[in-house]
Amino acid sequence: MSFLEVEDLRVQFSTDDGVVKAVDGVSFTVDKRRTLAIVGESGSGKSVTSAAIMGLHNRKTAVVEGSVRLDGQELITATPDTVRALRGQRMAMIFQDPLSSLHPFYSVGDQLVEAAKVHQDLSTKAALAQAKTMLDKVGIPNAERRLSDYPHNLSGGMRQRVMIAMALMNGPELLIADEPTTALDVTVQAQIIALLRDLQEEFGTAIVLITHDLGVVADLADDVVVMYGGRVVESGGVEDIYYRPEMPYTLGLLGSVPRMSAGRQDRLKPIPGSPPSLIRLPEGCVFRPRCPYHTLVPGNRCDTERPELLPVSARNPEHGVRCHIKPSKRRELAAEKLGDLVEGTA
Amino acid sequence: MATYIVRRLVAMFGMLIALSIIVFLIFNALPSDPARLTCGKSCSPQIIEANRQRLGLDKPLPEQYGAFVKGIFAGRTYGSGTATFDCSVPCLGYSFRKGEEVTTLITRALPVTAQVALGAFFLWMVVGIGIGIFAALRRGTWKDRSVMGAALVGYSFPSFFIGLIFIFLLQIKLKVIGFTGFVKFTDNPGLWFNGLILPWITLALLYAAFYARLTRNQMLETLGEDYIRTARAKGLRERKVIGKHALRACLTPLVTAAGLDLANLLGGAVITEAVFNLPGMGRLAIDSVVDSDLPIITAVTLLVATFIIVANLIVDILYAVIDPRVRLA
């Protein structure tokens, strides 16, 4: 049993234009001390997935179905207060923009103390001491003095460190990081990633990393789930995804990453088109309208039949892909597309 | 902070001086002769001239203004020779119409208005903000729509209409509330409450409707903020997410509106006082306008201006207390 098990998760919102199937049948597992990265474009359903795990969707406006088990405990059918008690306690979350995610009117100390006191029976003094220790731990100099600072007094990197400290106040076993470095400078990004890795080592946390930055994924993740149009289109170990990708969408993502080794004349290759409307999804493969290779599939299967997420080979059942193209042909394509980009393609 | 407040108080003083000069000049530029207004129909030129001298209205304007200001801080003496009377500090003038010092009139009227205003203020803040939060949390549901619809109706009715409906229904038809008029709290707390409850509700209804809409809009905006999601992600109970994190962020516009509304009301809830026959500032102001009783009009105008300026200062200080990003400088 894995620490976090997500099975056939579905999240729907009713809007005036129709039902938005933001997440449709997503499954994955994360063990302690492991990092799972969920990768995809905006609107692929990655943040909705993370909010569903945390129970942050408004039950009046969102329909959440399927199964989310934290250490064996089912969260989808649990009462809101049960899930609330777990939030910040056994599972915590950090967000993309630390400035808007911290309350502008409360001091850093106040917000950290509050996080501790929700779940622990502490005096304010003890909670403050704990807050200071945690700020030290996330690498904030002069932690004692920072406690009385407000978020607007801090730099972007410091704010994200405060967010991380706040998430770690109660020693959570699962940390969901939703685009934790997107709003930060590149140098600060590297520091935050290093910090997350160190903290994972120290506390043995399971991490779910939501990102569209494949560089961050390579640095931090053990496993990767590639999402498109609210579903998983490819999943596997980080090496599978980087060196042996099979889904044309994953190929497109990898092809759109700038590389130092590429010549100056090589332009970045964006994936043509835009993500599908989650209200009226294509009948067949969700990626079909943007897929340059659908002609490789005989007939019009890509238009009529939803591909299943199937293991690439019996040898590596962890590596799954959702594509109608023949496996041998897919590997050929990957080699052709990435051969000049990736050294040592297996 | 302290230097800021001192500086603001000095500025306030300057503003009041400027304002008092303007008010003084305007009233002296009016075609009506203040001395003529000091006596009724049986006036003779002799009486008018005598009064003109007693009031110092024969002096040049700057001198009159000087005497007015001196009266506020040092008191003044009207008339000369044997027919004099003293107007003690702070002397805001003397009303011949009413035969009383303006200061006396105001000290009698202001507490009445203050009781009406503060009671209504408390009522509408609690009810308005409560309804606003209630509606925001049920956005788009029939509860939200009906509550906000009711608020719109409350907001649309003029207060004299609401007041008269209350009088008709509760006092005349159902006889739940007696016609006691204004009774001092120290004389009889029960009758005091009885006399003020309808004015409170009437005034509060009007304002509560506005505050409910303000709170609802502000709350809806705040609930979409990232830090509210963070508060929930911490595992805080919804009560605390709303009551602490969201409400605190909604306070700034509420405090602004509340400060100015309260200051305005302290200058007299004109219509409500008239409907419920309360001897407050509004009544005093209206009577003096009808009678062209210039000393009272001048004093009331200055007083209301002072309230507004002080309220503004308090609101600005509260901003800094609520929002640490605001630096008072």
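Tutor: Happy to! A residue is buried if 20 or more other C-beta atoms, placed from the backbone, lie within 10 Å of its own, exposed if 12 or fewer, and partly exposed in between. Val6(A) counts as buried because it has 25 C-beta neighbours inside 10 Å. This is a predicted model, where local features need pLDDT of at least 70 and side-chain atom pairs 80 or more, while totals for chains, interfaces and linings use all residues. Residues are numbered from 1 along each chain as written, with chains lettered from A and ligands numbered from 1 in written order.

Val6(A) sits in strand β1 (residues 4-15) of chain A; strands (E, at least two residues) and helices (H or I, at least four) are DSSP runs numbered from the N terminus. Setting aside neighbours within four places in sequence, Val6(A) contacts (C-beta atoms within 7 Å) Val26(A), Ser27(A), Phe28(A), Ile53(A) and Val68(A). Glu74(A) is 68 residues from Val6(A) in sequence, yet their C-alpha atoms are 9.8 Å apart.

Now the wider setting. Beyond four places in sequence, Ala165(A) touches Leu112(A), Met134(A), Leu135(A) and Val138(A).

Finally, the two chains meet: 23 residues of chain A are in contact with 18 of chain B. On the chain A side, α4(A) gives the most, four residues.
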